[in-house]
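Dear colleague,

Please find below the structure for your records. I would be grateful if you could read the notes that follow alongside it.

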Amino acid sequence: MLQRLVPYAATQGLRPVQSFFPDLLWRVDTDRREVFLTFDDGPTTALTDDLLDLLAAYDARATCFLIGHHVEEHPDLARAIHRAGHTVGNHTYTHLDAWTSPQDSVRTQLSRTTMELEDLLGTRVRFMRPPYGHPTGAMRTWCAERQQRMVMWDVMPGDFLKTATAEQVASFVLDNVRPGSVVVLHDNPICEGVTLPALETILSTLDRDGWSFNAL
Ligand SMILES: [Zn+2]
């Protein structure tokens, strides 16, 4: 029951605090009907290929926050994401929780993942998202020094929750999206059966209403 409140708390509940953290990106400042879809925790053999096919069917670009050790296991998938025109961001090496980890480990993981992605893809990493949405001061300093923008979100439908259904996730996004919204979804196996069917509804509905889907 409480899980049902998570998307509201993490979306409407956080909107009032967004302006207190201007170094963090919550939403892109635009009046146009454009939305910034983001996908965390990949690349995974369970979902990433199908995700890329679905995005391509709508000529949609997105931003994928990749876990370093997943990239090491599936470099071909990371290359496919990049080749398809999506932006690739830093989601640490092991998905560590910065609120409960030594800050030295956080910095090491952020640097290691950056180096790995830049070597593999030949492009500069410009964005990072803290796992669990848990930023710390050390992370913010690291991002400022390395010129990676920390990306939070404006719409979090909670596709990772045990109670999530594709219908709920899709209608939550459609009810809460506004111009420039950054939407968090996951190509994580725990979201299998939820995220992609929800995404199909989100893409077809917003596309029909004249929205575009852009990468950061
Ligand atoms: Zn994550």
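This is a predicted model: local features need pLDDT of at least 70, side-chain atom pairs count only at pLDDT 80 or more; totals for chains, interfaces and linings use all residues.

Residues are numbered from 1 along each chain as its sequence is written.

Helices (H or I, at least four residues) and strands (E, at least two) are DSSP runs, numbered from the N terminus.

Phe-36 lies in strand β2 (residues 34-40). Phe-36 is buried because 24 other C-beta atoms lie within 10 Å; the term requires 20 or more such atoms within 10 Å, whereas exposed means 12 or fewer and partly exposed lies in between, with C-beta atoms placed from the backbone. Leaving aside residues up to four places away in sequence, Phe-36 touches Val-28, Thr-63, Ser-181, Val-182, Val-183, Asn-214 and Leu-216. Contact here means C-beta atoms, placed from the backbone, within 7 Å.

Strands β2 and β7 run parallel and are joined by five bridges; strands pair if DSSP finds at least two bridges between them. Val-182 in β7 is the bridge partner of Phe-36. Strand β7 (residues 182-186) is largely enclosed by the rest of the structure, because five of its five residues are buried. Val-182, Val-184 and His-186 point one way from β7, and Val-183 and Leu-185 the other way.

Strand β3 (residues 63-66) runs parallel to β4, with four bridges between them, and Cys-64 stands opposite Val-88 in β4. Both faces of strand β4 (residues 87-90) are covered, with Thr-87 and Gly-89 buried on one side and Val-88 and Asn-90 buried on the other. Leu-66 touches residues including Val-88, His-91 and Leu-117.

Finally, helix α5 (residues 103-121) and helix α6 (residues 137-146) pack at an angle of about 35°, with their axes 10 Å apart. Axes are lines fitted to C-alpha atoms, for helices over the stretch in contact, and angles run from 0 to 180 degrees between N-to-C directions. The contact is made by Gln-103, Val-106, Arg-107, Leu-110 and Thr-114 of α5 and Ala-138, Met-139, Trp-142 and Arg-146 of α6.

Yours sincerely

Notes
Two residues are in contact if their C-beta atoms, placed from the backbone, lie within 7 Å.
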